[in-house]
Amino acid sequence: MSRKTYSSVDCLFILFLTSTFAEFSGLEKNTFPQPVHAKDVEKVPELDLGKIINEKVYANIFVRKREEHKLLVNHLQSIEDYSKRYKLMKLGIDEILRIIREEGGKLRGNQITAESEFPKLQELINALAQFLENTCLFGEMVLHFPDMSYRILKGVSDWRTLMTDALNYTKTFVKILDEKSVELLGLLNQEINEDQRTPEYVNPYREGAQQTESAKPKKKSKSKPKKGPSLSPAKTEL
């Protein structure tokens, strides 16, 4: 069976999508876990995210992650080569859909909702964070790059239902989401569901998206000469 191979940029992109609480595991930028001798294993305290992360703490982390999403969008916009941008976009969207399916299954199985108590188990904390963050990141990518996103999603039959359910679930976490993220999810709902659009709806990023996606080469159309006599006066050279 052949395995997919990813470049270093691709790997960093996937790592960005999946690393929510790495900083709580001694994996912060420029920090590395120190080697532990066998005799000292029992002395190392086990990290318990349930004692560190609560709803209020995670709300602050969520805002920071949303700022990172904007940096990622800026990076994608800076890529002028259409094929390179498409490759990264497809890699990102495919990974987001995978995360939404897998982590959504964990949340449903454990009945995690906005009304229930904030999860205490590390696995469920990470599942909720991954779900909320990637739903918003999906919104950023679709709204900023609509044509390219729809081209990528064309081969996924249930993406619209999957992501509509995801954004409706995410919107209920009003104690975690910031105002801009709530607004983004509202725009996303109208963007991907035409029957939900208000008469005033407009994708504020579409014009910019068309400009950034225009890097795709277009064929020049040759104008055919009109038949019949020309009405313009003959040119004279001095």
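A crossing of two helices is called left-handed if the near helix is turned anticlockwise from the far one by less than a right angle, and right-handed if clockwise. Helices here are DSSP runs (H or I, at least four residues), numbered from the N terminus. The model you are looking at is predicted, so local features need pLDDT of at least 70 and side-chain atom pairs count only at pLDDT 80 or more, while totals for chains, interfaces and linings use all residues. Residues are numbered from 1 along each chain as its sequence is written, and side-chain values use heavy atoms, with hydrogens and water left out.

Let's start with helices α4 and α6. Two packed helices are described by the angle between their axes and the distance between the axes. For α4 and helix α6 (residues 146–153), the angle is about 60° and the axes are 10 Å apart; axes are lines fitted to C-alpha atoms over the stretch in contact, and angles run from 0 to 180 degrees between N-to-C directions. That makes α4 oblique to α6 (angles under 35 degrees are roughly parallel, over 145 roughly antiparallel, 65 to 115 roughly perpendicular, and the rest oblique). The crossing of α4 and α6 is right-handed.

Arg151 lies over its face, 4.2 Å from the ring centre; a charge sits over a ring if NZ of Lys or CZ of Arg is within 6 Å of the ring centre and within 35 degrees of the ring normal.

Now for the aromatic pairs. Rings of Phe, Tyr and Trp (its six-membered ring) pair if their centres lie within 6.5 Å, with planes under 30 degrees apart counted as stacked, over 60 as edge-to-face and the rest as tilted. This rule gives 7 aromatic pairs. Tyr82 and Tyr86 are a stacked pair, because their ring centres are 6.4 Å apart and their planes are at 20°. Both belong to helix α4 (residues 82–109), 4 residues apart, about one turn of the helix. Tyr82 and Tyr86 are both buried (under 20% relative accessible area with a 1.4 Å probe, protein chains only; exposed is over 50%, and partly exposed lies in between).

Phe138 and Trp159 are tilted, since their centres are 6.3 Å apart and their planes at 50°. This pair links distant parts of the chain, with Phe138 in helix α5 (residues 122–144) and Trp159 in helix α7 (residues 159–171), 21 residues apart. Phe138 and Trp159 are both buried.

Note on methods:
Helix = DSSP H or I, 4+ residues; strand = E, 2+ residues; numbered from the N terminus.
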